[in-house]
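Me: I am new to this structure and would like to learn how to read it. Could you take me through it feature by feature?

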Amino acid sequence: MEDDNCPPRSALYAFPPIGVGTADVESLTSYFCRLAVAHCVSSTDLLHRISKTCGWSAPPKNFWKDVNLSGMGDVAERYACALSEMTSVERLHLLTLLPWRNVVAQRSRAPATSRWCAACFKDDLVRGRTPYFRLTWDVGDVDVCLEHGGRLADTCPDCGRTGARNNAACVIPGWCCHCGAPLSGVRVAPRSATPAETWKAAQVGQLLATQASLLSAPDRASMMEGILKLMKQLDGGMNARFARRIGANKSTVHWWLKQGGVPTLAAHLGIASQTGVSLLALLNGAIDDSIPILRESPSLAELFPDYRKRASPRQREGSDIKEQMDEMRQSDFAISVRETARRLNVHRRQLYRRDNEKAHIIGAKWQEEQRHRSEQHRLEAVGAIAAAVEDILSRGKAPNLREVQQLVPREVLGGVRGVFAMIQEATQKIEGSGAAPWP
């Protein structure tokens, strides 16, 4: 008689993942490493076994450096499905960010190195739990631990090397891959998280805690419908104004709305922070018709330290611009349209909008001046090259570029095209005239 509690037969041990349904859900990378330890094999051996079972090509040596097993890419989907089939544990895709791949761009920022929270590892050991990697540690836009309020570490406290978490053939979560020291220790106390960093970690943690209870994967259409509602409620449906609000380019917002683009996680965080909605509601398209209340949330500069607010467009009187353009058009000295715009402290497009005819006259005058200067420069170079060739021939040498460069100043030859042809032409003329002096 079969026991109903007995798990089905499987090629690999069927032990459950940790923390599903919470913000501290385990990552697929952690589950994979724990599975390799349970079978007393290296991570490389387990990779090869999975690849052989599924009929895939052998993984490269730098697999862990090039692949984010807990992300939203095809590799994460393949390995989540393969591990579910070989362990008989369902829904292992919940250990990745795959549930959000339809509404978050796959090119979202990934961590530069593997990271961890030493306090989390210490708590695991103190409470008698198996240490494991949290999925939130593999989210590039999260830099702090929400539970302990410190920045994530990426350097072993004992040997001081980076890549100490899972960059090795044999990985035991919670211990350094290089020296074997526990990663629960700290050499220097981590810097406390800022309110903005804590807000980002809380928003992402809410996503991870909710994805196990999703009845269906969020879809792009609902998400974009919610963004359009926010744009209409807050900025009257104007793309440019909404883009300025969330710190994005107008072309980026246009790409989302008109060309099927998907915002990155950082862009979603920017929208959520500047519109007063939660990241979870934004991705699910759960935006009602009422104008959202802008709660206290971090500014874009606090969320993204590298963010620089675009300067407001400069406004000047049209008559003043036209008068100064007319003066520059009638001046004896030619200047370019770009230089004209710089002197007037406006963008050059505004010159064409204000007075297209005068702007084209200024541009044509500058081009004519440039052509004249180029021709004068060329004539100067021809005379200098001819004199140099004559001197070289008088010394019984064959004219070539190296000999000419020693006699002609660099500023004369610089920017002139066809120097070789000039040398040949000058040589032929002088030799054809019986070494007569150059006229």
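Reply: Gladly. Let us begin with how elements get their names: helices (H or I, at least four residues) and strands (E, at least two) are DSSP runs, numbered from the N terminus. In this structure, S184 is found in the loop between α5 and α6. Two notes on reading: residues are numbered from 1 along each chain as its sequence is written, and side-chain values use heavy atoms, with hydrogens and water left out. This is a predicted model, in which local features need pLDDT of at least 70 and side-chain atom pairs count only at pLDDT 80 or more, while totals for chains, interfaces and linings use all residues.

Me: What is the average pLDDT of the chain?

Reply: First the idea: pLDDT is the predictor's confidence in each residue, from 0 to 100. Here the chain averages 86, and 92% of the residues score at least 70. Confidence is lowest in helix α3 (residues 63-66), with a mean of 74, and highest in helix α5 (residues 118-126), at 95. Over residues 435-439 pLDDT stays under 50, and for them the model has 9 contacts beyond four places in sequence.

Me: Back to S184, then. Is S184 buried or exposed?

Reply: The general idea is relative accessible area: buried means under 20%, exposed over 50%, and partly exposed in between (1.4 Å probe, protein chains only). S184 has a relative accessible area of 17%, so it is buried. As for its surroundings, contact means heavy atoms within 4.5 Å. Beyond four places in sequence, S184 is in contact with A118, F121, K122, L125 and G174.

Me: How many of the residues of helix α1 are buried?

Reply: In helix α1 (residues 28-38), 9 of the 11 residues are buried, so this helix is largely enclosed by the rest of the structure. Among the buried ones are Y31, F32, C33 and R34. Their cover includes α2 (43-54), α3 and α4 (74-87). After α1 comes C40, with a positive phi near 55 degrees.

Me: How many aromatic pairs are there?

Reply: Rings of Phe, Tyr and Trp (its six-membered ring) pair if their centres lie within 6.5 Å; planes under 30 degrees apart count as stacked, over 60 as edge-to-face and the rest as tilted. This structure holds 4 aromatic pairs. One of them joins F15 and Y31: the ring centres are 5.3 Å apart and the planes are at 45 degrees, so the pair is tilted. It links distant parts of the chain, with F15 in the segment before α1 and Y31 in helix α1, 16 residues apart. Both F15 and Y31 are buried. F121 and W137 form an edge-to-face pair, at 5.3 Å centre to centre and 80 degrees between the planes. F121 belongs to helix α5, and W137 to the loop between α5 and α6 (195-210). F121 is buried at 1% relative accessible area, and W137 counts as buried at 2%. Ring pairs link F121, F133 and W137 into a cluster.

Me: Which ring does the charged end of R165 sit over?

Reply: A charge sits over a ring if NZ of Lys or CZ of Arg is within 6 Å of the ring centre and within 35 degrees of the ring normal. The charged end of R165 sits over the ring of F133, 4.4 Å from its centre. Likewise, the charged end of R134 sits over the ring of Y132, 4.0 Å from the centre.

Me: Which residues have the most contacts inside the largest nonpolar core?

Reply: A nonpolar core is a set of buried Ala, Val, Leu, Ile, Met, Phe, Trp, Tyr and Cys residues joined through side-chain atoms within 4.5 Å. The largest one has 62 residues, and those with the most contacts inside it are Y31, F32, I50, L83 and I271. The largest share of this core, 6 residues, comes from α6. Not counting residues up to four places away in sequence, I271 touches I227, L230, F242, I246, W256 and L282. I227 is found in helix α7 (residues 220-235) and is buried, with a relative accessible area of 1%.
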